[in-house]
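Here are some quick notes for a first look at this model. Have it open beside you while you read.

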Amino acid sequence: MKGAKVAVVEMDKLGGVCLNRGCIPSKALIASAEQYKKMKNSAAFGISLSAPPIYDWLAMRERKDKIVSGLVGGISSLFKSHGVEHFSGFGKITGKNEVTVIDEDNNETKLKTDNIIIATGSRAASIPAFPIDGKRILTSDHLLELEHLPKSILIIGAGVIGCEWACMLSMLDVQVTMVEMLDHALPMEDTDSSKLFERELKKMKVDLYTKTKVESIGPADEGVQVKLSNDKVINVNQVLVSIGRKFNTEDMGLEEAGIKMEKNGSIKTTADMRTNIKNIFAIGDVRGEILLAYTATHDGTVAVDNALGEKVKKDYLGVPSVIFTHPEVASVGMNEDEAKKKHKELAVGKFPLRALGKAHAENEIAGEVKVIADKKTDKVLGIHAVGVHATEIIHSAVVAVNRGLTATELGSIIFGHPVVSEAVMEAAHDVHKMSVHLAKKK
Ligand code: NAI
């Protein structure tokens with residue numbers, strides 16, 4: 001669109017992790033699991049079923065695959081319409097202005113170029129203590145392609161992937177145990193959000209062990225036996241390892257090209273997405289800063305603009321976190337612990353979803369929205385949401401944080417009614433203890 005001649009080198013299907021093994025397939029399966037849960041609870045909506053609902057995992061997988069392949073095809077069509085050339089194979093940087101494509105038959109094609117953008121992403125991290133075999137010890141990539149679901153699973157790591165899969169599998173009647181070495185599930189979120197979410201996990205009968213490590217994993221009759229640092233021994237059919245990601249930077253000729261790397265294998269970049277070599281850029285997970293598809297998209301536009309001669313820097317002000325658990329967890333800006341360190345005094349407002357008509361109408365009253373503001377300036381520092389549609393409603397909060405609104409300004413905006421987003425406005429009112437829909441605070 002900006003007039004450049006572009007070639008994309010990809011060794012797998014177009015669309016990367018997000019489309020093929022991450023965001024989209026997992027959300028398609030979560031939607032199926034939520035539908036199943038809703039049908040099981042249909043009596044609450046005044047609907048009786050002649051027999052209990054039964055799910056078909058393979059049909060769910062097929063639906064997921066159809067969605068993914070449709071979108072992958074969409075990228076192909078977009079490439080054609082914009083004149084982007086697609087080379088299938090492994091890309092290796094073989095010169096400052098040269099990329100060699102090695103295809104599956106080991107044929108090499110050399111591409112000459114003014115600029116190179118590295119967008120090779122990341123993959124599930126593993127550690128030798130948990131040897132991933134794809135049968136008993138799995139990554140989320142394996143889960144997506146299972147022939148049938150296990151009766152029980154133990155998840156190592158209660159971060160984003162661990163918690164999304166825990167909720168999905170639990171909704172599909174799998175007995176889930178989670179082990180997290182830090183203090184809480186979703187430890188990077190505001191502690192109030194983590195605690196609220198943990199309460200919901202408990203209601204779903206997910207066993208969560210925090211401040212706990214896995215000591216060993218060994219074979220057992222019907223799967224694996226896992227020994228925990230709290231002396232518990234748990235027998236499960238399968239184990240999911242979701243302990244973070246590893247950067248895809250190996251064998252790409254980066255060292256030979258003189259590209260500077262961090263110790264953890266990610267690529268060092270400046271705010272304009274340049275590596276230490278002026279015409280070679282890196283974007284997305286491989287930079288190791290934030291591992292999210294949507295910040296990678298932003299990185300991409302910054303890199304392209306700079307490659308074409310503009311002077312643009314990344315702007316990460318107000319990047320949301322959207323986690324598709326049940327209930328959903330989302331946030332933007334600082335959590336309360338971070339805000340306490342940087343600001344003298346805080347004013348915090350909270351609004352529970354159980355005080356919202358729309359949440360009752362949807363039979364989803366768990367959760368709350370929390371607004372953190374600087375007490376003196378009234379500026380909104382962070383907004384945290386747990387509950388139904390949290391990943392959607394957070395976007396009004398994103399605008400507030402990105403545009404530097406005060407709690408008073410956010411509270412004075414007219415929100416529609418009845419919507420779950422009202423909780424954002426109400427929590428902003430509660431920063432000054434002025435929410436008329438909450439009982440008067442003593
Ligand atoms: P993560 O960094 O979110 O969580 C890993 C968790 O494992 C942490 O809580 C960590 O304390 C724990 N851990 C590490 N080693 C452990 C051990 N030996 N025993 C017990 N606990 C251990 O990484 P995750 O879940 O693998 O996700 C990878 C990336 O993918 C993240 O950066 C995330 O942002 C991204 N992602 C984003 C999604 C979204 O935006 N909705 C969905 C899924 C993934």
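1. How many helices and strands does the secondary structure of the protein chain come to? The tally is 12 helices and 22 strands, taken as DSSP runs numbered from the N terminus (H or I, at least four residues, for helices; E, at least two, for strands).

2. A word on ground rules. This is a predicted model, where local features need pLDDT of at least 70 and side-chain atom pairs count only at pLDDT 80 or more, while totals for chains, interfaces and linings use all residues. Residues are numbered from 1 along each chain as its sequence is written, and side-chain values use heavy atoms, with hydrogens and water left out.

3. On to overall dimensions. The C-alpha trace of the protein chain spans about 70 × 60 × 45 Å along its principal axes.

4. Of the 442 residues, 46% count as buried (under 20% relative accessible area; exposed is over 50%, partly exposed in between; 1.4 Å probe, protein chains only).

5. Now the rings. The structure holds one aromatic pair. Tyr-36 and Tyr-55 have ring centres 5.0 Å apart and planes at 75°, so they sit edge-to-face (centres within 6.5 Å make a pair; planes under 30 degrees apart are stacked, over 60 edge-to-face, the rest tilted). The pair links distant parts of the chain, 19 residues apart: Tyr-36 belongs to helix H2 (residues 23–40), and Tyr-55 to the loop between H2 and helix H3 (57–82).

Note on methods
Phe/Tyr/Trp six-rings, centres within 6.5 Å; stacked < 30°, edge-to-face > 60°.
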